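Below is a short report on helix packing, chain contact and selected residues. Please keep the structure open while reading.

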Amino acid sequence: METYYHPKDLAKFSDMSKGNPQLWDKFMAYYGAVFAEGALTEREKALIALAVAHAVQCPYCIDAYTQACLEKGSNAEEMTEAVHVTCAIRGGASLVHGVQMRNVVNQLSM
Amino acid sequence: MSLTLFARGNTLASSREQLRRLAATGSCAPFEVKMAAAGLTPLKATGVSVFQINVGKFCNQSCRHCHVDAGPDRIEQMSRETAQLCMRALADTDIATVDITGGAPELNANFRWLVEQARALGRHVMDRCNLSVLLLRPQADLAEFLARHQVEVVASLPYYRESQTDAQRGEGVFGKSLEALKLLNRLSYGVPDSGLILNLVHNPAGAFLPARQEALEAQFRRELSRHHGIVFNRLYTITNMPISRYLDFLIESGNYEAYMERLANAFNPAAAAAVMCRHTISVGWDGTLYDCDFNQMLDLPVESSAPRHIKDFDAARLHHRRIVMANHCYGCTAGSGSSCGGATA
């Protein structure tokens, strides 16, 4: 089936180095450092990345970090909870803007 | 309980068919080519420090990933005569470790004899245990027997949660595994400074690579202690080899090519240089000699210029033999590497 996102295109990610190798190298060095074991474990970082992948709804990131989470020792229950965190924050962000709506209502109403 | 490939009449029950599928892999270069590019061919043994005996394919479980295609229907069993040849060969060497595997090795009629003989020779003995075997009524004294002979127990526990463990090893296995681990702990297995070693083995319950051993060991230790009061010594992470029932799972689930590509992309020259076959000899139930238990299941004996049967065992001629390789070997060289003793790099 024709699709805008081709799973195999993830392997072409490094093609982005062709336009500006210096920026690509800096990004990849930064990326690698971010995901290295630090105050947070690699496993915890992969779970955060999975949640963010769902927030930005990037299919490549969802594929990559689902696999990464499994390969860091996480399980489907933990990964599902991470996605619920995404859902709660996204939903909560919408809902909290209701305060703006209510401010305007109060401003306009008698 | 799932059936063995053998019982299902699956074509992959044939090692020839498995090798054909492995050779036809489109998503990775042939393993020998990869090894040559890394400057690691010909790969040669560096000695023999582990004498691994596979006593047969009979098992009380039939796990979905089993590389032996073991199960209750398998009748291949090492005879006393072959077991005696093993101990005779061992006695003529200074090989320090005897690693007994199967199937469920404890269900071989000669298992306890092998343990007693190897211990009498002063060798360290490891038992690759599926845990549930310790709860079988005829094996009621097995755990005490292992403790009495100070056998290291290497116990399969793919994960610290029920769903993943039972998905791989069969319904109810997780509960039995916990019960068996508690039994071993009561005998002081896994207790620091007890001298009774209890190591766990993790295999991923799916088409992905294992986590970093050190990190996963910490997770296992925390979770098993917190929820079940279980202690152990080390966790070994072992990559699933793309052979036998795991190969069948990969093909049936549509993951085969992607998994092979994943293994090949994660090829680690340091892990490739440290593969266990370089210091192991693997003896089959019928006495045939192999570089490892995986080659054994693919009917790939040691190279033809080396002795190929335990009755002809000659440590000096095996020490520098050329290792026999095929595409399944990518399983031992990916990421942190994999061996019967866990990560290698």
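In this predicted model, α2(A) and α4(A) cross in a right-handed sense. A crossing is right-handed if the near helix is turned clockwise from the far one by less than a right angle, and left-handed if anticlockwise. Helices here are DSSP runs (H or I, at least four residues) and strands are runs of E (at least two), numbered from the N terminus. α2(A) also passes α3(A), and that crossing is left-handed.

The table sets out both pairs. Axes are lines fitted to C-alpha atoms, for helices over the stretch in contact, and angles run from 0 to 180 degrees between N-to-C directions.

| Helix pair | Angle | Axis separation |
|---|---|---|
| α2 (residues 42-56) and α3 (residues 59-71) of chain A | about 155° | 9 Å |
| α2(A) and α4 (residues 76-96) of chain A | about 45° | 9 Å |

The angle makes α2(A) roughly antiparallel to α3(A). α2(A) and α4(A) are oblique to each other. The cut-offs are under 35 degrees for roughly parallel, over 145 for roughly antiparallel, 65 to 115 for roughly perpendicular, and oblique for the rest.

Which residues of α2(A) and α4(A) meet? From α2(A) come A:Leu47, A:Leu50, A:Ala51, A:His54 and A:Ala55. From α4(A) come A:Glu78, A:Met79, A:Ala82, A:Val83, A:Val85, A:Thr86 and A:Arg90. Contact means that C-beta atoms, placed from the backbone, lie within 7 Å. By class, this contact has eight nonpolar, two polar and two charged residues. Ala, Val, Leu, Ile, Met, Phe, Trp, Tyr, Cys and Pro count as nonpolar, Asp, Glu, Lys and Arg as charged, and the others, Gly among them, as polar.

α2(A) meets α3(A) through residues including A:Ala46, A:Leu47, A:Leu50 and A:His54. Among their partners on α3(A) are A:Cys61, A:Ile62 and A:Tyr65. That contact has 10 nonpolar, two polar and no charged residues.

Chain B touches chain A through nine residues, which contact nine residues of chain A. Helix α9 (residues 213-228) of chain B gives the largest share of the chain B side, three residues. That side divides into five nonpolar, three polar and one charged.

Now helix α7 (residues 162-169) of chain B. Its buried residues are B:Gln164, B:Thr165, B:Gln168 and B:Arg169. Buried means 20 or more other C-beta atoms within 10 Å of the residue's own, exposed means 12 or fewer, and partly exposed lies in between. Seen down the axis of α7(B), the buried residues fall within an arc of 105°, so they line one face of the helix. They pack against α8 (173-186) of chain B. B:Gly170 follows α7(B), and its phi is positive, near 115°.

Two residues of chain B close the survey. B:Asn233 sits in the loop between α9 and β6 (235-237) of chain B. It counts as partly exposed, with 18 C-beta neighbours inside 10 Å. Beyond its neighbours within four places in sequence, B:Asn233 contacts B:Gly190, B:Ile197, B:Leu198 and B:Asn199.

B:Thr344 lies in the segment after α15 (330-333) of chain B. B:Thr344 is partly exposed, with 19 other C-beta atoms within 10 Å. B:Thr344 and B:Ala45 are 299 residues apart in sequence and 16 Å apart in space, C-alpha to C-alpha.

Residues are numbered from 1 along each chain as its sequence is written, and chains are lettered from A and ligands numbered from 1 in the order in which they are written. In this predicted model, local features need pLDDT of at least 70, side-chain atom pairs count only at pLDDT 80 or more, and totals for chains, interfaces and linings use all residues.

Note on methods: Arc of directions from axis to C-beta.
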